[in-house]
Amino acid sequence: MVFNLRQLDNLDYDDAEPLLEDYIHGALEDFANSKTGTAHIERNPEGGNWIGTFIEMAYIYGGYTLPKMTKANVQEVMEYILPRKLTLLNPSDTDGAIDELVAFWTFLDEGYGLRSARAIAKYLSSIATKFPQWMFDPNRGGIAKSFLTQGMAAGFDMTTQAGVDAFREEYNRNLAVPPQPPQGPMLPVEPFEMTTAPPDMQRAFEQLGIELPKQGEMVNPIQLVSQFFGGLLQMDPDAAEELMASLDEDKDGPADAAALRERLQQLDWSEAIALSPANQAILQGQTITEMTPGTILQDLKIALEAIADQGIPLSGKLQHLPAKVAADINQQLSTPIVIAMQRPVQKSYPNVHGLYLLLRATGLATVFTEGKKAKLVVNSEIYQAWQQLNPTEQYLSLLEVWFLRSHPEMLGEERSGPLMMGDRCLQSWSRLTKKASTTFADYNAQDQYAYFLGLHNLALMELFGLIAVTHSPPAPGKGWRFKKIAAQPWGKALMTAIGNANQVVAYDWPGTIDPTLPLGDFQLFLKPYFPDWQGCLAVPTVEFRPGRHVFKVTLLNGPNEVWRRIAIAGEATLAHLSDLIRESVDFDDDHLDVFTYKTPTGLTIEAFHPFANADLLSDEVKIGDLPLPVGGTMEYLYDFGDRWQFAVMLEAVESEPESSQGFQKVKATKTKKAKRNSPKAPGKIIESHGEAPEQYPNADW
C-alpha cells in the first residue's frame, strides 16, 4: 500500500487519533525503503524510535502534521514539547536522535519536496549538542522530570523503587536546610493537613494502588510525591505515559483559577522568587514614566491615536493593518524601523506588529466585522479605564498582558501551538543574553529569533526597555536589520523575577488558565517593588444580551446558494441553534458538530456537541453570551466526516423577545441521554432561500 503523507491533514483530532499509529508505521516503512533511509540504517543498524516519537508528540501536543510543519513548529517540539512531555532516565537515550531526525527530514525533502523540510533538517543539525541538555533540563519539564533528574543528578538509580526510596530519604533529611532559589516547580516542604483531593489525583493514586491520607491527617508532601513517582516507575511505560498525560490535561479550569490565585496570595513571594540584593535594588530603584524604562507607553499612545477617531479598515484574512497605515505608525514611533521591502505588510514592521498584538490582547482595540469587512476600533470602556491608570499601572498591566495573555493566534498565526508569548520570551532570554551583548553578522544570524520568539517580541523587548538594540540599514529588498542586542540591567532583573515566579507557579498562571479573571498575577511578586501599582487595566467582558437574536445561516459547501434566517432567544444555547440549523436543511441529528468563534481579543473558541469529549460544549454557551457583534460571523461545522460548513452571521438583536408562542418549537432530540432532554428554548426558522442538498446523496440504504 502506498503511504499517504497527507492522510492526517485537515482531519479532526477524533478522526485522526485512531489512524496515528498506522500512519507512523507507514512513515517509518516509507523512510526505510528510501535511498536516504537505507543509508541511515546501514550507518545505524540498531536504529531508534525518535521518528515515531517526534511525529506522535508533534501531533498530539502541537496539532502539527508533517506536510504542514514549519521550522518554528519543529523548534517548539524539540525545545518545549519533547523536554516537557518525555522523561528519559539515561543521557545515552538521546544518542542518535538528531541524526535520525535529520535523515528523516532529508528524506521528506528529497522524496516529497516539502517546503520547509530543508530548513528543518538544517535546524535539527544545529541543535545536536543542545538537545541532550534540553532533555535533562528540569526547568523545561514538570514535577516528574524535576524529581527524577534531581535524583539522577544526586547519583541515585531512579529506575528502581529502592533508588527512589533512597532519594526520598535523602531529600527528607535535607529538608532542614534553608530553602535555595527554586530550580523547578515549587512544592511545599512543610507538612500540611490533608484536605479533599481533586478527582484527578484520587483517580491517579487509585490506579497506582496507593492510598491517599485521610482528610485531616498530616501529610509529608515530598514523601507523597516520591511515593507517586515510585509507583509510576513500576507501571508499564505506555500506561504510565497515559496516566501522566491525563493529569496534564486536567488543568485547573476557570472555576479553580480564582482559587489558585487566592492560594498564591498567601505565599511569601520575596522568599519564593529569591532575588539577589542587586536585582532587588534595580527593581526598587526603577521609576516608570511614559518614556522610561522604555518607550512602550508613548508608542502605544501613538498607535491608539491612529485608530481613535473612526477606526482603521483591516485587510486580508489575517485582519492586519493596511501596509500604508502600518508604515505611517512606524514613522511616528520613538524609534522607527527602517526597511527596504517593495511590498511590506504589517508584519514587516515588528514594532507595529507587537503594538497591534498588545492592542488586541488588552482589549484596548477590538475587531468589528460586518459581513466580509473588518475594522479595528478602540474599545471605549477599556480605553477609559486605561486613562485612569498611572504610568506604573499602565506599564505593568501591559507587561502582564504581554507575558500571560498574548497568544500568536491574535496575530493570525493559526498553527501556533500552546505557548503564550511570555513562554517564548523566557525560553529565548537565556540564549539571547548569554553574553553581555550579542552581535549578528548577517540576516541568517538574526533569523534564529524570527521563528520561535518572533521579531515582534524582540521589538517589544526593546520598547519595554529590557534590551538595547543597535539598528542597521537594511539590505535592498530586505526588512529590519539589527547588528547588536544588549540586555539592560532592568531587563535582567525583571526577567529573573518573572522566570523565578514562573517556576513557583509551575508555569500555570491563574490569568492564563482563565483570561476572564482580572489582571493581577504579576502584582503578587512585583507590587512590593512598585507601591504605585494599585490598580490594573480592566479586562474585556461580554455582557449577556437578552432578546431575540436573528442569524443568517449560509451553507458554504452546497451545490447552490442556500441560506436560512433563524430567530432564537438569548436564553437559548448553541445546542438549540444547531438543532434549528439542521432542521432548516432537513439534516438528521446523527453526527457531532462544533461552533467556532473569536473572543474580543482574537482567541478562537470551539463549542462542541454535548456528546463530544471536549472542554466546552454547545449546551453550555448561551446565545446571549456570545462575543459576537451585530454583523459578526461564526462558523458551524456539522458531521466531521462529510463536513457540512455553515457561516452564521448575527444580523440583529431585538431588545424585546418575541412571545414564545410565536416561535417554532425545536423538535425533541433522538437520544436517551438526559443532557439533551432538558426543556427546549424557543426559536424558529423565519426565512428560507434555496433548496438544501441531500444529506446522504450517495447512500444505498
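This is a predicted model: local features need pLDDT of at least 70, side-chain atom pairs count only at pLDDT 80 or more; totals for chains, interfaces and linings use all residues.
The protein chain runs to 701 residues, and 48% of them are buried.

**Overall make-up**
- On the secondary-structure side, the protein chain has 28 helices and 15 strands.
- Its accessible surface comes to about 33500 Å², with 51% of that belonging to carbon and sulfur atoms.

**Aromatic pairs**
- Searching the whole structure turns up 27 aromatic pairs.
- Take Trp 269 and Trp 509: their ring centres are 6.5 Å apart and their planes sit at 15 degrees, so this pair counts as stacked.
- Trp 269 belongs to helix 15 (residues 269-273), while Trp 509 is in the loop between helix 25 (489-504) and helix 26 (510-513), so the pair ties together parts that are 240 residues apart in sequence.
- Both Trp 269 and Trp 509 are buried.
- The two tryptophans also belong to a cluster linked by ring pairs, along with Tyr 395, Trp 402, Phe 403, Phe 464, Trp 490, Phe 522, Phe 525 and Phe 530.

**Charges over a ring**
- Tyr 443 has Lys 478 lying over its face, at 5.6 Å from the ring centre.
- Arg 481 also puts its charged end over the ring of Tyr 443, 5.7 Å from the centre.

Note on methods: Residues are numbered from 1 along each chain as its sequence is written. Side-chain values use heavy atoms; hydrogens and water are left out. Helices (H or I, at least four residues) and strands (E, at least two) are DSSP runs, numbered from the N terminus. Buried means under 20% relative accessible area, exposed over 50%, partly exposed in between (1.4 Å probe, protein chains only). Accessible areas come from the Shrake-Rupley method with a 1.4 Å probe; for residues, only the protein chains shown count as cover. Rings of Phe, Tyr and Trp (its six-membered ring) pair if their centres lie within 6.5 Å; planes under 30 degrees apart count as stacked, over 60 as edge-to-face and the rest as tilted. A charge sits over a ring if NZ of Lys or CZ of Arg is within 6 Å of the ring centre and within 35 degrees of the ring normal.
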